[in-house]
Amino acid sequence: MCLFAGGKKIAQSREQLAPMMGWVDTVPMWAVRGIGAVEILGVLGLVLPPLTGVAPALALVAALGFAVLQVLAAGLHLSRGEVKETGLNVPLIALAGVAAWLATAW
């Protein structure tokens, strides 16, 4: 999901993103593109270290980064009065916590 959303943030214009991500109107486009890049790099950080065995600590860093990203996203939604939109952030925070735990368990 983060790879898909990150790719959209990098490749699409503000007008194309607005129907799916209403918050892009209040955030500079450079920040939207940066968030997309962080999401894509986070996915790579979660997947590649365990697969290759190289720098496995990066998986933990990526998982913690995703948790921070989702906490900030939930804060943005709450500041905009979008309480329903935080419904996706909560399980994603939990999944990031599970990924961080798994990164330390192996």
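In helix α4, the buried residues are Ala 59, Ala 62, Ala 63, Phe 66, Ala 67, Leu 69, Gln 70, Ala 74 and His 77. Buried here means a relative accessible area under 20%, exposed means over 50%, and partly exposed lies in between (1.4 Å probe, protein chains only). Helices (H or I, at least four residues) and strands (E, at least two) are DSSP runs, numbered from the N terminus. The buried residues of α4 pack against α1, α3 and α5. An α-helix has 3.6 residues a turn, so residues three or four places apart point the same way.

A word on the basis of all this: the model is predicted, local features need pLDDT of at least 70, side-chain atom pairs count only at pLDDT 80 or more, and totals for chains, interfaces and linings use all residues. Residues are numbered from 1 along each chain as its sequence is written, and side-chain values use heavy atoms, with hydrogens and water left out.

**The chain as a whole**

The chain has five helices and zero strands, in the order α-α-α-α-α from the N terminus. Its radius of gyration is 14 Å, close to the 13 Å that the globule rule gives for 106 residues, so the chain is as compact as a globular protein of that length. That radius is taken over C-alpha atoms, and the globule rule is 2.2 Å times the number of residues to the power 0.38. Along the principal axes, the C-alpha atoms fill a box of roughly 40 × 25 × 15 Å.

Of the 106 residues, 32% are buried. Among contacts with a separation of 6 or more, 44% join residues 24 or more positions apart; contact means heavy atoms within 4.5 Å. The accessible surface comes to about 6400 Å², and 76% of it belongs to carbon and sulfur atoms. These areas come from the Shrake-Rupley method with a 1.4 Å probe, and for residues only the protein chains shown count as cover.

As for charge, there are 6 positive and 5 negative side chains, with the centres of the two sets 3 Å apart. Lys and Arg count as positive and Asp and Glu as negative, while His and the chain ends are not counted. Each charge is placed at NZ of Lys, CZ of Arg, CG of Asp or CD of Glu.

**Two helices side by side in a table**

The expected span of a helix is 1.5 Å times one less than its number of residues.

| Helix | Length | Span, first to last C-alpha | Expected span |
|---|---|---|---|
| α3 | 24 residues | 34 Å | 34 Å |
| α4 | 23 residues | 33 Å | 33 Å |

**Helix α3 and what follows**

Helix α3 covers residues 29-52. Its buried residues are Met 29, Ala 31, Val 32, Gly 36, Glu 39, Gly 42, Val 43, Gly 45 and Pro 49, and they pack against α1 (2-11), α2 (14-17) and α4 (57-79).

Gly 36, for instance, is found in α3 and is buried at 0% relative accessibility. Apart from neighbours within four places in sequence, Gly 36 is in contact with Gly 6, Lys 9 and Ile 10. Gly 36 and His 77 are 41 residues apart in sequence and 17 Å apart from C-alpha to C-alpha.

Just after α3, Gly 53 has a positive phi of about 80°. In the loop between α3 and α4 you will find Ala 55, which has a positive phi of about 50° although it is not a glycine. Ala 55 is partly exposed, with a relative accessible area of 37%.

**From α4 into α5**

Arg 80 sits in the loop between α4 and α5 and is partly exposed at 31% relative accessibility. Not counting residues up to four places away in sequence, Arg 80 touches Gly 22, Trp 23 and Thr 26. Gly 81, which follows α4, has a positive phi near 75°.

Helix α5 spans residues 86-105 and includes Thr 86, which is buried at 12% relative accessibility. Beyond its neighbours within four places in sequence, Thr 86 is in contact with Ala 74, His 77 and Leu 78. Leu 92 also lies in α5 and is buried at 16%. With neighbours within four places set aside, Leu 92 is in contact with Met 1 and Gln 70. Leu 92 and Leu 69 are 23 residues apart in sequence and 9.8 Å apart from C-alpha to C-alpha.
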